[in-house]
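User: I'd like to go through this one and check what each label rests on. Can you show me the model first?

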Amino acid sequence: MSCLSQLWTHSALLRFVHNTSETCNTNRSDYKIVVLGAGGVGKSSVTVQFVQGVYVESYDPTIEDSYRKQIEVDGRACDLEILDTAGVAQFTAMRELYIKSGKGFLLVYSVTDANSLKELLALREQVLRIKDSENVPMVLIGNKCDLEDDRVVSIDDGIAVSHEWGLVPFYETSAMYKTNVDEAFVDVVRQIMRKEAQTSLEKKQLKEMQKQQAAETKPSTAAEVPVASDTAQARNRQQEPLNGKDTKSGSKCCVIV
Ligand SMILES: Nc1nc2c(ncn2[C@@H]2O[C@H](COP(=O)(O)OP(=O)(O)OP(=O)(O)O)[C@@H](O)[C@H]2O)c(=O)[nH]1
């Protein structure tokens with residue numbers, strides 16, 4: 001890799017890794033999306049088609065490029081930051097870093113290249129390992145679906161992988177004709193939104209539970225030990241959740257799926 005290439009790689013990556021939502025307009029939400037896949041499957045073409053609405057005919061192996069785009073999803077303004085990554089092995093040293101920073105992932109293979117789908121299996125494992133979660137916003141993309149004569153991966157093959165991955169949303173796309181390109185990006189943004197809403201709800205519930213627990217442990221201090229009749233009431237109070245009568249506290253323990 002030339003010095004100039006390395007410099008460009010690092011500047012795109014550093015922008016992606018270090019830009020945080022705190023630096024953005026607070027009315028907007030920041031979404032870091034990483035496009036992953038083998039070399040030549042069309043990651044740059046899909047990304048550039050989504051961001052700029054143009055199709056790139058020439059093939060110039062990507063080192064790492066980052067793009068910004070503002071879109072509205074379900075009435076909410078979103079600042080997307082998209083990292084188009086290198087498919088070629090020699091450029092993948094920084095992968096761990098950007099996977100850590102990414103909130104959503106597009107895993108792209110080409111329907112004309114069976115190996116590119118196989119390569120995604122290891123890539124997905126790497127994403128789940130680095131994110132330390134099975135619940136990572138992600139879509140599976142089978143690109144170049146316009147090349148029907150060269151197709152070696154069927155729609156059913158793609159569907160089977162989506163099932164194996166726990167029903168990860170699956171799109172066949174054509175960067176050339178902009179088929180399903182916007183849909184795939186919007187899907188991953190929606191997944192990020194849902195995950196963030198779920199995380200903030202869980203945080204809120206945890207806070208409420210901690211507040212409640214603190215309030216419940218408070219009477220045990222010497223000055224506040226309840227008198228006889230109060231002790232019975234306190235005992236009843238403690239038993240109520242076990243009997244399932246305290247619906248208020250029970251609701252705070254609900255599990256969000
Ligand atoms: N027919 C057709 N060709 C495509 C499509 N998407 C990409 N290509 C072509 O495939 C070649 C590779 O596309 P790129 O977008 O550069 O692939 P990439 O995955 O970014 O490649 P790396 O940068 O090496 O990782 C280019 O010549 C594109 O014009 C598509 O949907 N249909």
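Analyst: Here we go: the structure holds 1 aromatic pair. Keep in mind that this is a predicted model, where local features need pLDDT of at least 70, side-chain atom pairs count only at pLDDT 80 or more, and totals for chains, interfaces and linings use all residues. Residues are numbered from 1 along each chain as its sequence is written, and side-chain values use heavy atoms, with hydrogens and water left out.

User: Why is the pair of Phe-50 and Phe-185 called stacked?

Analyst: Rings of Phe, Tyr and Trp (its six-membered ring) pair if their centres lie within 6.5 Å, and planes under 30 degrees apart count as stacked, over 60 as edge-to-face and the rest as tilted. For Phe-50 and Phe-185 the centres are 4.0 Å apart and the planes sit at 5°, so stacked it is.

User: What makes the pair tie together parts that are apart in sequence?

Analyst: Phe-50 belongs to helix α2 and Phe-185 to helix α6 (residues 181-217), so the pair links parts 135 residues apart in sequence. Helices here are DSSP runs (H or I, at least four residues), and strands are too (E, at least two), numbered from the N terminus.

User: How do you know that Lys-69 lies over the face of Phe-50?

Analyst: The test is NZ of Lys or CZ of Arg within 6 Å of the ring centre and within 35 degrees of the ring normal. Lys-69 is 5.3 Å from the ring centre of Phe-50 and lies over its face.

User: Why is α2 called largely enclosed?

Analyst: Buried means under 20% relative accessible area, exposed over 50%, partly exposed in between (1.4 Å probe, protein chains only). In α2, 8 of the 10 residues are buried, so the rest of the structure largely encloses it. Among them are Lys-43, Ser-45 and Phe-50.

User: Why does Lys-144 count as partly exposed?

Analyst: Its relative accessibility is 24%, so Lys-144 falls in the partly exposed class. Lys-144 sits in the loop between β5 (138-143) and α5 (155-164), and has a positive phi of about 70° despite not being a glycine.
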